[in-house]
Amino acid sequence: MVITIGKAADNDVVVNDPYVSRYHARLLRDEEGCLFLEDIASTNGTFVNGSRIVKKKVSLTDTVLLGEKYKLELSEVLKTGNDYSEEFARLKDIYDKYVEQKVKIQSSNQFKTRLFQALPFAFIGILGVLISALGKGSAVLFGISLFVTICVPTVGIYLGAKQSAKIPRQLQDLSNRFKIDYVCPKCGTFLGEIPWESLSNRKQCPVSSCKAKWVKG
């Protein structure tokens, strides 16, 4: 990939600035994906992080000036070639976290639901053992055991159902955030729940009006 930069109209990136030469510089990407900025014998020079360069390896965080005054945004220069590979690469982390959180919500809530439903019956068993040990003929203990036997399971079932009801809402909230974040970095089209690896095999956005390059090469 080679992107030419300068004042002349036939450059890939046209810069209308009096200190920028007609053919000022060019941005190159090698086979390993590294970016290099090269000055094309410009009159006022090309500067990276304050130092004048002839050719230098650069990153998107570097400060680039053409002719000491015009600030060049490398990320915007790359968009000239419809290259959104770096932004697309960040979507992998978004997808992986989505899957991880989805599984966590489902497994955590299922565990709590079963716990709420099972504990009351365990409590009743323990209470039965205590009543046997303290005396079967006590009317007070019999009344307490009857109350517990009826009420505690009901409470457990209620709490279990309440916990279970949280799952759809939590999954919906997670899905809503995912639909905002997991989109084509250029056109903003939601990419569905298609794994990131599958999307990377397509190499570019399928939307005909976009065709953003997701993968270099």
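Q: What makes strand β4 (residues 35-39) largely enclosed by the rest of the structure?
A: Burial does. In this predicted model, 4 of the 5 residues of β4 are buried. Buried means under 20% relative accessible area, so with 4 of its 5 residues in that class, β4 counts as largely enclosed by the rest of the structure.

Q: How do you know that strand β3 (residues 25-29) and β4 are paired?
A: Two strands pair if DSSP finds at least two bridges between them. Here 5 bridges join β3 to β4, so the pair meets that cut-off. The two strands run antiparallel, and Arg29 sits opposite Leu35 in β4.

Q: What lies between β3 and β4 in their hairpin?
A: There are 5 residues between them, and Gly33 in that turn has a positive phi of about 90°.

Q: Why is strand β7 (residues 55-58) called a partner of β4?
A: Bridges again. The cut-off is at least two, and β4 and β7 share 4 bridges in the antiparallel sense, so they count as paired. For a spot to look at, find Leu37, which stands opposite Lys56 in β7.

Q: Which strands make up the open sheet, and in what order?
A: The open sheet has 4 strands in the order β6-β5-β8-β9, with antiparallel pairing.

Q: Why are β6 (51-53) and β9 (70-72) said to stand at the edges?
A: Each has a single partner strand, so one side of each is left without a neighbour in the sheet.

Q: How many residues does the protein chain have, and what share counts as buried?
A: The protein chain has 217 residues, and 34% of them count as buried. It exposes about 13300 Å², with carbon and sulfur atoms supplying 58% of that area.

Q: What share of the contacts with a separation of 6 or more comes from residues 24 or more positions apart?
A: In the protein chain, that share is 43%. A contact here means heavy atoms within 4.5 Å.

Key: Residues are numbered from 1 along each chain as its sequence is written. This is a predicted model: local features need pLDDT of at least 70, side-chain atom pairs count only at pLDDT 80 or more; totals for chains, interfaces and linings use all residues. Side-chain values use heavy atoms; hydrogens and water are left out. Buried means under 20% relative accessible area, exposed over 50%, partly exposed in between (1.4 Å probe, protein chains only). Accessible areas come from the Shrake-Rupley method with a 1.4 Å probe; for residues, only the protein chains shown count as cover.
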